[in-house]
Amino acid sequence: MNLFFETLTFAILLIFASLSYLLYLRWNTNSYRIISVAAGVTAFVTLVSLIIHQVGTGIYIRIGMGAHIRTGILTLSIVCTSILYTGLFHFLQSKRKKELNLLLIASGVVILIGGVSWMFKLFILVPVIGLAFAAFYLFRYVPLMPRKKYFYVAIGANSISFIAFAIQASSANAFFLNLTLASNLIFCFVMLLIFFNRIADLIQAASHQSITDGLTKLYYKTYFKSRVQEAMSGSVQPAVIFADIDDFKKLNDTEGHLVGDKILRLVGDIWNEICSNDIGIAARYGGEETVALITSPQVDPRNIAERFRARVEEESKSIQPVTVSVGIAFFKNDVETAELFIKQADDAMYVAKGTGKNRIVEYGMDIPEEIIPTVHQESPEKISIESKVEPEYTEFKNTEAAEGDNPIFNQDLLEIDDSHVVDSTLPDPKVVLEPVPVNFAETEVLDQTADATKTVITDTDPNEVLINSDVSLQEGSEHSEQPQEGSQQEEPKRKISLFRDLATKNKEG
């Protein structure tokens, strides 16, 4: 039985020392170094004890050194135990420097008293030292530790091993020797279990950090999409809530980004509290936009959205009063992708923006057109924003705008909204005509005349570009010997080319 307990204890300590040493080589931290040294020395002491118990016990007893050898082994075990306790505390609570220094002093005292007791054959004092150190660790350091129950079991088993050894040393009873070895085995196993649990916590924390936004503590967009796609194939109908902080850019410009960050943290905290208890998850979708996936059949997503909206409006008053516009979308079987599902909630959120902000709109609900001039309903199942329906590339013959504005280029749909450009060649700039489609094939002739016109587009006012182009055309006509037939018809095409070049320039910029 002695051989079984000590062999198993040696194997556990060897695993403990090897794992901590590999981690030390990888991260080069003092906590791993201390644990690897303590576990390695304890494994070595256990191996020596195993050899003595199986080979040399009778020899040492015959020469009168049996008790001295056993006490020396116990002393080394207590020293290694104190170092192991210290290493685990440093590993779990590395920022508590004051408590760590006190523990190092206590371990040094144990080593000193243990050595003196062994040298002067004060055998009864050795287990007393071990019990005193275990009690000190129990009442002073265990309350600071995570997983306190594990430490209670470990310290209890360690104390039993000390008491059983003291009884066995005085009575030479084999039962107490087995109890000592069994208790020591339990102690080493529980300490290894604490170490493994901590490693698992660190791995989980690193994994969680890789998918979590550092400011709001909400999930990243990519992870959220994967969870939405997973929920779409489940048995419970999920819902997506899309929220946007109203006038957040204005808040950043007027109050500063520090206030904006505080608002974002508040929004993240509120989402995390609301989505707890397996109700769902929340994510930061981008900027001031946040989303939530509600998967619990026990709650109504509409109530969740209202709780979120009301809490943001109320709790933000302590920082800077803000509101949120919220859109909700419920999963329908015809929705195939997570992106489309989320976009439905996004569209509903934009409807809430367009109808006054600080409200909740459900995707698919009827919106009276007389109160929503910027929103139209394409079908009973879809709400879209008028500003999101972009026309094809068009030429505006005449528009009205403030002088000096630049054309707006939409990179997504490759179009120019030149509603801010005044065509100086038309007699009445106040007359707004309908856009007409452009025939790109007719503009190919411009490439042949590019060298002749030598028109250069710079970062100037678009009106000046048009005027300069007219001057260029006029100068070209004056220097030509004979005006080409049809030149008057080609002049608008040149203007279209200028707009197209400017659009390309804006896209590349």
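Me: Start with phenylalanine 195: what is it in contact with, leaving aside its neighbours within four places in sequence?

Reply: Phenylalanine 195 touches Phe16, Leu19, Ser20, Leu23, Tyr32, Ile35, Leu88 and Phe91, where contact means heavy atoms within 4.5 Å. Bear in mind that this is a predicted model, where local features need pLDDT of at least 70, side-chain atom pairs count only at pLDDT 80 or more, and totals for chains, interfaces and linings use all residues. Residues are numbered from 1 along each chain as its sequence is written, and side-chain values use heavy atoms, with hydrogens and water left out.

Me: Why is isoleucine 342 called buried?

Reply: Its relative accessible area is 1%, and buried means under 20% (exposed is over 50%, partly exposed in between; 1.4 Å probe, protein chains only). So isoleucine 342 counts as buried. Its contacts, again leaving aside neighbours within four places in sequence, include Phe224, Val228 and Tyr285.

Me: What makes α8 roughly perpendicular to α12?

Reply: The axes of α8 (residues 221-232) and α12 (residues 338-354) cross at roughly 100° and come within 9 Å. Axes are lines fitted to C-alpha atoms, for helices over the stretch in contact, with angles from 0 to 180 degrees between N-to-C directions. Roughly perpendicular covers 65 to 115 degrees (under 35 is roughly parallel, over 145 roughly antiparallel, the rest oblique), so α8 is roughly perpendicular to α12.

Me: Which residues meet there?

Reply: Phe224, Lys225, Val228, Gln229 and Met232 in α8 meet Ala338, Glu339, Phe341 and Ile342 in α12.

Notes: Helices (H or I, at least four residues) and strands (E, at least two) are DSSP runs, numbered from the N terminus.
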